[in-house]
Number of protein chains: 2
Amino acid sequence: MNIVIIGTGNTATILGRKLKAAGHGILQVYGRDAAAASALAYELDTESTNYWSVVRRDADLYLLAVSDVAVDEVKQELQFADGTVVHTAAAVPLDGLRGSADHYGVFYPLQSLQKNSIRLPETPIIIDASDQATLHQLERLAHSISDRVVTASDADRLRLHLAAVFCNNFTNHLYALMEDWCAREGLDFTLLRPLILETAERVQTLSPRESQTGPALRNDTVTLERHLALLEEHPLLKELYVLMTRSIQAGLKPLY
Amino acid sequence: MNIVIIGTGNTATILGRKLKAAGHGILQVYGRDAAAASALAYELDTESTNYWSVVRRDADLYLLAVSDVAVDEVKQELQFADGTVVHTAAAVPLDGLRGSADHYGVFYPLQSLQKNSIRLPETPIIIDASDQATLHQLERLAHSISDRVVTASDADRLRLHLAAVFCNNFTNHLYALMEDWCAREGLDFTLLRPLILETAERVQTLSPRESQTGPALRNDTVTLERHLALLEEHPLLKELYVLMTRSIQAGLKPLY
């Protein structure tokens with residue numbers, strides 16, 4: 001497909017790389033910041049612009065990889081587009097694109113994308129569309145860059161995004177808290193890296209529920225008390241420790 | 001070194017495999033459960049016993065890979081040992097082995113070890129010892145199976161264990177909660193596996209503090225409200241969401 005990429009951030013960059021690698025034609029990159037647009041266009045071996053008036057009108061697909069709040073704004077500028085318009089936002093409804101084009105959809109990458117990462121991580125694509133023909137078009141496009149393609153409604157996409165927040169933002173925050181903790185206590189946080197990786201690798205094949213271990217699960221009150229004693233001067237860490245312990249011990253009972 | 005392994009669980013098995021692979025002589029496996037001891041001994045190509053009276057007395061090292069509470073119990077049985085006695089427990093003080101032998105120490109693997117795992121994950125070893133000569137002996141032994149070897153006091157080992165609980169038990173529990181959430185909502189949890197792996201891989205080289213993203217960090221109140229609305233009927237998930245969001249937003253300020 002011939003694609004115009006709107007945006008120059010992490011999502012625009014990584015999806016741009018994947019789409020180009022899959023053989024699609026990247027016709028143009030649009031970015032408000034001319035330098036950023038030019039840099040991404042250079043990498044993708046195409047042209048760039050920061051003027052709506054010169055955005056190509058002959059693309060099959062306009063990929064809006066912009067912030068949630070910018071989707072509506074950009075939509076106004078794309079009134080002319082004949083091609084399919086898609087946004088990449090988890091929390092923006094499909095109908096947020098109504099009026100932008102006859103055919104529109106959602107192309108949400110369920111991954112933490114960082115433009116300065118060397119690897120292109122495996123990235124499930126969650127799609128939705130205004131009509132069946134567009135859905136099939138997006139399905140083919142998604143399959144060209146990912147083995148995992150799923151159609152989901154606005155509500156289900158938001159639920160997957162919530163799960164992504166727990167699995168990425170919250171786990172990373174636990175790492176960050178322990179990075180700070182180690183720094184304060186004069187310990188080397190990098191000693192924990194192999195454990196962090198093993199924890200994530202294990203659930204690539206096993207159920208996390210079945211992989212659970214630790215003092216909370218086995219109700220090892222001696223260790224739990226020793227840990228809590230260490231956290232006396234760290235109320236927020238202590239609160240997290242207590243809540244996570246309670247949640248683990250709630251176990252399979254549907255308490256939550 | 002010539003080693004007797006006491007215990008047949010995950011730690012005994014994985015350390016046994018690593019020590020054997022590094023060329024050490026595994027003289028014997030002791031286990032209360034004769035079948036388990038026999039199975040591990042078979043794998044390590046050595047003999048086994050479930051009688052203290054026939055435990056070999058000529059080992060250089062007795063590796064106590066048993067539960068925290070069993071360390072003291074086992075110590076009573078090892079009075080005869082000439083070799084160095086070490087335990088593998090994070091939360092058991094070094095002096096928990098006083099009286100077991102002239103030389104004793106700690107050999108704590110900072111990793112989540114599972115005997116049915118196919119891979120032998122990278123495993124930092126945290127050591128301590130009753131005397132300098134023993135410390136050097138354990139350092140050499142640890143280096144034979146790991147690139148990361150650190151000496152730490154009882155207090156620091158417990159602090160590292162606390163960090164391990166956050167980085168392993170608590171993150172795995174977040175995965176488990178989302179596995180349940182997806183099951184309830186009819187979503188496929190395995191879609192989150194690539195994100196989980198990427199999150200852990202990123203902090204192998206980058207600081208988690210600098211890797212933080214998400215609606216909490218950018219104070220995207222629209223998305224935060226939408227997520228909280230989804231959690232109305234899940235009080236525990238909501239409590240976790242609110243606390244983690246507050247903790248992320250506390251940011252670099254030393255609130256905890």
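The dialogue below covers the sheets, the annotated spans and the contact between the chains.

Q: What kind of model is this?
A: This is a predicted model.

Q: How do I read a sheet, and in what order do the strands of chain B lie?
A: In chain B, eight strands form an open sheet in the order E3-E2-E1-E4-E5-E6-E7-E8, with mixed pairing. Strand E3 (47-49) and strand E8 (149-151) of chain B are the edge strands, each pairing on one side only. Neighbouring strands of this sheet are turned by 25° against each other on average, direction ignored.

Q: Which sheet does chain A have?
A: Chain A also has an open sheet of eight strands, in the order E3-E2-E1-E4-E5-E6-E7-E8, and the pairing is mixed. The edges in chain A are strand E3 (47-49) and strand E8 (149-151), each of which pairs on one side only. From one strand to the next, the twist averages 25°.

Q: Which residues of chain A does UniProt list under "domain: DUF2520"?
A: An annotation marks a span, and the model can then be described over that span. The UniProt record, an unreviewed entry, gives residues 124-248 of chain A for this domain. That span is 66% helix and 6% strand, and its end C-alpha atoms lie 29 Å apart. The unreviewed entry also annotates residues 3-90 of chain A as "domain: Pyrroline-5-carboxylate reductase catalytic N-terminal". Residues 3-90 of chain A are 34% helix and 24% strand, with end C-alpha atoms 21 Å apart.

Q: How are the two chains related?
A: Chain A can be laid on chain B with an RMSD of 0.0 Å by a turn of 180° and a shift of 0.0 Å along the axis. The two copies are therefore related as by a two-fold rotation axis. In chain A, the C-alpha nearest the axis belongs to A:Thr171, 2.7 Å from it. The same surface serves both copies, since 100% of the contact residues of chain A recur in chain B.

Q: How many residues take part in the contact, and what area is buried?
A: Chain A gives 94 residues to the contact and chain B gives 95 residues. About 9,900 Å² is buried between chain A and chain B, and carbon and sulfur atoms give 65% of that area.

Q: How many salt bridges are there between the chains?
A: The count between chain A and chain B is twelve. One salt bridge joins the side chains of B:Arg119 and A:Glu201, at 2.8 Å from N to O.

Note on methods:
Residues numbered from 1 in each chain as written. Chains lettered and ligands numbered in written order. Predicted model: local features only at pLDDT ≥ 70, side-chain atom pairs only at ≥ 80, totals over all residues. Heavy atoms only, no water. Pairing = 2+ DSSP bridges. Helix = DSSP H or I, 4+ residues; strand = E, 2+ residues; numbered from the N terminus. Axes fitted to C-alpha atoms, helices over the stretch in contact; angles between N-to-C directions. Least-squares fit on C-alpha atoms with pLDDT ≥ 70 in both. Contact = heavy atoms within 4.5 Å. UniProt positions renumbered as here; feature names shortened; annotations may be inferred. Buried area = accessible area lost by both parts, 1.4 Å probe. Salt bridge = Lys/Arg side-chain N within 4 Å of Asp/Glu carboxyl O.
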